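I opened a notebook page for this structure and kept the entries in the order of looking things up.

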Amino acid sequence: MSSPSSPAAYEPPRKRQRTVERELAETLRSSTSSNAHGVPDEVSAAEPSSSAASSLPLPPVSIGNVGTSDGGLQEADTATDTGSETRQTCARPEAGGSDAQGGTRDALEGMNRNASDKGKAKATMSSLSQGTHHNAPTDRPAEQSAHCAGCDRDHGGGADRARHAASGAGHTKAGSVMDIDHPGLARLAQDEDAPGRDAEYYIEGADCVIRVEDTLFRVHRYLLGRDSSAFQHMFSMPALQGGAPSQCAEGYSDDNPIRLYGESVERFRDLLSVLYDLPPQLQAYNTPEGNVDRLLTICEMTNKYHFASIEAWATDALYNVISGLHGRPQQPYDLAHCSSAWMRRLLEVAMLCGHDKLLQLVADRWVDRILKRDLRPIHALDIAARCGHNKLLGYAYYVQLLEMGPDFDPGVVEDGRQFARGWQYTFIDLETFVMGTVAAANGEPRIGTPAVLTREQKQRLLSGHWSLTRLWERLRGAPPRFDRPEGCTYHQHGCLSTWAQVWREVGRSGTTLRLEAADVLGRLKVMQEQLSTHADLSNALSPQCKRAALLALKAAVTEVEEGLAGHFRDLTASPASVQEERA
C-alpha cells in the first residue's frame, strides 16, 4: 500500500469512492444495534472487497466480550477508539474532487455521532455487575481466537461458538453470581422443599389443606370453623379477587395450602385429635390414666385458635385429673411428686386459660412442697411474680432467702431435700408444723448445678431481709393483744402483764434465737410451741385468757404469712413503680 503522504494514493476512482461511503454508512447504521445484553454494540464494518481491502484497510471494530472485570471493558473500549481513529485517518483525503470531499465530510460527522453513541454504550456496560457471563457471540472475525471470557475455555470455530452461545447456559467464574433462574436449580429447590402428607390427618375428600412445617394436613373446614374459632373468621374472608376459581384459592390444593408459621406438627396433630375424637376417646381424658401432657397441649392450642367451648372442657378435665377427682393421677402428673418444671407448666396453662380453681390448686400445692424443701423455690420466683399469686410469691422468696449462703449464694437448681441447706421441722399437731433453718456452716460442700438470680430478684431478697428483721424487732417487744374474755376478773394487771413478761422471755430464749433473724415465721411458730406448754401461763392466766392469748398469736402468724409478699418489694425502685406494683 502506498504511503499516506502520497496524494495519489487517496484519489480513488468514482466507483471505489462510492464503495467506501457505503461501507461507512453501514457502519453508522449498525452502531445503533444492541448486543445480547441490551447494550448498544459497535459492529465491525462488513469485509471489503479484495481491491478495497488492499487499498483502504478498515480494521474490524468491536466492543469485545462482556468480561468480569473493568480491565476487560477498558481493553474493548481502547480497541474501539483505535478503530475509529484508523477510519478517520484513512477516510481523510489530502486532495481530491469536491464530491469525494463532501462524502468524506459526511462520513466524519457520522463518525463523531458514532463516538458519542460509543460513550453511552461504555457507561451502560460499566454499570453491569461483575460475574456477568455472555450468552451471545460477538462479531469477531473467524481469524481471531474463539476464547470465552466468561469461562476461560476455547469453543473452537464459528459453529461451536454458535452452539455455546445458543445454549444460554454460559459459564460462571469463581466468586460470580449463580444463575438462580436455571430450570434445574428451580426443580432441585422444589424437590427439597416438597412437603409430605400426614399419615393420620391427610383425609381424602376433605376440603382444607394446611401446611405445618414440612407436613400437609387435609381436614374438613366445618370442623375447624366451629366454635367461633380463628379458622372460622379466616374462612369467612373473601378468597380471591377477580373472579378466580375457588380451586386456585389458598387451602384448596396441595400446591397452595394454608401455612401456619411458628407451629409444630405434633401440637397441631393434638388439636386435630380432639376435633375428630369420638365421645369414648374424649372420656378417656377424665380418668386417672388420661394423657395429661396431651391435655395440656390441647388447652394451649384451643386457647391459641379460640376454640372457646373445647378450651373450657379441656381445662375442666385437667383440673379433675390433677385434683384426683377420679382417683390418684399417675406419678409424673401427681402434684405431690411432680417436678418444679411440671408445676410451672400447669400454672402457666391455668393463667393462660383463666382457670382460677386450677391456678389456686397448683399454687397451694407448690407452696406446701417448697416449705417441705421438696422443690427449690428459685423455680417459682418468676412465674409467681407474673401470675400475681401473693401466697406463692411470698413463700418462694421467703424460703429462697433462708437458703441463701454466707456469700449470698442461692444454692442449686435440683429439686429434692438432699439439695437443700441445713434445715429441720417438727410437728406440733396434725395440721401445723414448725419449720426453721439452721445457718449452714462456712465451707459446706454444695452439690448440683448452681442457681442464678436476676438483679431484680437479688434486690427483692435484700429488701425482704431488711424488712423482716425490722418486723421481728417490733414483734418480740410487743406481744399480740387480746380482749378480756367473759369471767376474767383480773385481766388488766394480772393476765396481760404476765402474758407480756412471758412473751419477752420466750422471745430471748436460745430455742428461738437459733433460727435466723429473717426467719420470722419460724421464730413465731417456735414461740407458739413454747408458750402452749409454759408453766407460768398455765398458773397465772385463766383458761379463757390463755386460750385467747394463743389465738392472738396464731392470728399474728397468719397476718405475717399473708403479708410475706409485701416484704419482698424492691426498695430501690422508684415510688411510682412501687405504687403500680401494689395496685
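**Entry 1. Overall make-up**

I note at the start that this is a predicted model. I looked up the secondary structure and found 24 helices and eight strands in the protein. The protein has 583 residues, and buried residues make up 42% of them. I then took the contacts between residues at least 6 apart in sequence: 64% of these join residues at least 24 apart.

**Entry 2. Helix 14 and helix 16**

Two packed helices are described by the angle between their axes and the distance between the axes. I looked up both values for helix 14 (residues 356–371) and helix 16 (residues 390–402): the axes come within 9 Å and cross at roughly 15 degrees. Angles under 35 degrees count as roughly parallel, so helix 14 is roughly parallel to helix 16. The crossing of helix 14 with helix 16 is left-handed.

Which residues make this contact? From helix 14 I listed Ala 363, Asp 364, Trp 366, Val 367, Ile 370 and Leu 371. They meet Lys 391, Leu 392, Tyr 395, Ala 396 and Val 399 of helix 16.

**Entry 3. Gln 400**

I stayed in helix 16 for Gln 400. Is Gln 400 buried or exposed? Its relative accessible area is 1%, and under 20% counts as buried, so Gln 400 is buried. Leaving aside neighbours within four places in sequence, I find Gln 400 in contact with Pro 377, Ile 378, Leu 381, Pro 410 and Leu 461.

**Entry 4. Helix 17 and helix 18**

I looked up a second pair, helix 17 (residues 455–477) and helix 18 (residues 491–507). Their axes are 8 Å apart and the packing angle is about 140 degrees. Over 145 degrees would count as roughly antiparallel, and helix 17 and helix 18 are therefore oblique to each other. On the helix 17 side, the contact is made by Trp 472, Leu 475, Arg 476 and Gly 477. On the helix 18 side I have Trp 503, Arg 504 and Gly 507. The classes in the contact of helix 17 with helix 18 are three nonpolar, two polar and two charged.

**Entry 5. The largest nonpolar core**

How many residues are in the largest nonpolar core? I read 100. The members that touch the most other members are Ile 210, Phe 268, Leu 318, Trp 366, Leu 392, Leu 468 and Leu 524. Trp 366 and Leu 392 were already on my list for the contact of helix 14 with helix 16.

Apart from neighbours within four places in sequence, Leu 318 is in contact with Val 292, Leu 295, Leu 296, Cys 299, Leu 346, Val 349 and Leu 358.

Where is Glu 213? I found it in the loop between strand 4 (208–212) and strand 5 (215–219). Glu 213 is partly exposed, at a relative accessible area of 43%. Not counting residues up to four places away in sequence, Glu 213 touches Arg 259, Glu 263, Ser 264 and Val 265. Between Glu 213 and Pro 195 I read 8.1 Å from C-alpha to C-alpha, with 18 residues of separation in sequence.

Asp 254 is in the loop between helix 8 (230–235) and strand 6 (258–259). Its relative accessible area is 22%, and Asp 254 is partly exposed. With residues up to four places away left out, Asp 254 touches Arg 197, Tyr 202, Val 209, Leu 216 and Arg 218. Asp 254 is 44 residues from Ile 210 in sequence, and their C-alpha atoms are 8.3 Å apart.

**Entry 6. Positive phi**

Most residues other than glycine have a negative phi. I looked up two residues with a positive value. Phi of Asp 227 is near 65 degrees. Asp 227 is in the loop between helix 7 (221–224) and helix 8, and is partly exposed with a relative accessible area of 26%. Phi of His 306 is also near 65 degrees. His 306 is in the loop between helix 11 (292–304) and helix 12 (308–322), and is partly exposed at 47% relative accessible area.

**Entry 7. Asp 316**

Asp 316 is partly exposed, with a relative accessible area of 39%. Asp 316 and Asn 286 are 30 residues apart along the chain, and 9.1 Å separates their C-alpha atoms.

Definitions and conventions: Residues numbered from 1 in each chain as written. Predicted model: local features only at pLDDT ≥ 70, side-chain atom pairs only at ≥ 80, totals over all residues. Heavy atoms only, no water. Axes fitted to C-alpha atoms, helices over the stretch in contact; angles between N-to-C directions. Helix = DSSP H or I, 4+ residues; strand = E, 2+ residues; numbered from the N terminus. Parallel < 35°, antiparallel > 145°, perpendicular 65-115°, else oblique. Left-handed = near helix turned anticlockwise from the far one by under 90°. Contact = heavy atoms within 4.5 Å. Core = buried A, V, L, I, M, F, W, Y, C linked by side-chain atoms within 4.5 Å. Buried < 20%, exposed > 50% of the residue type's maximum accessible area, 1.4 Å probe, protein only. Nonpolar A, V, L, I, M, F, W, Y, C, P; charged D, E, K, R; others polar.
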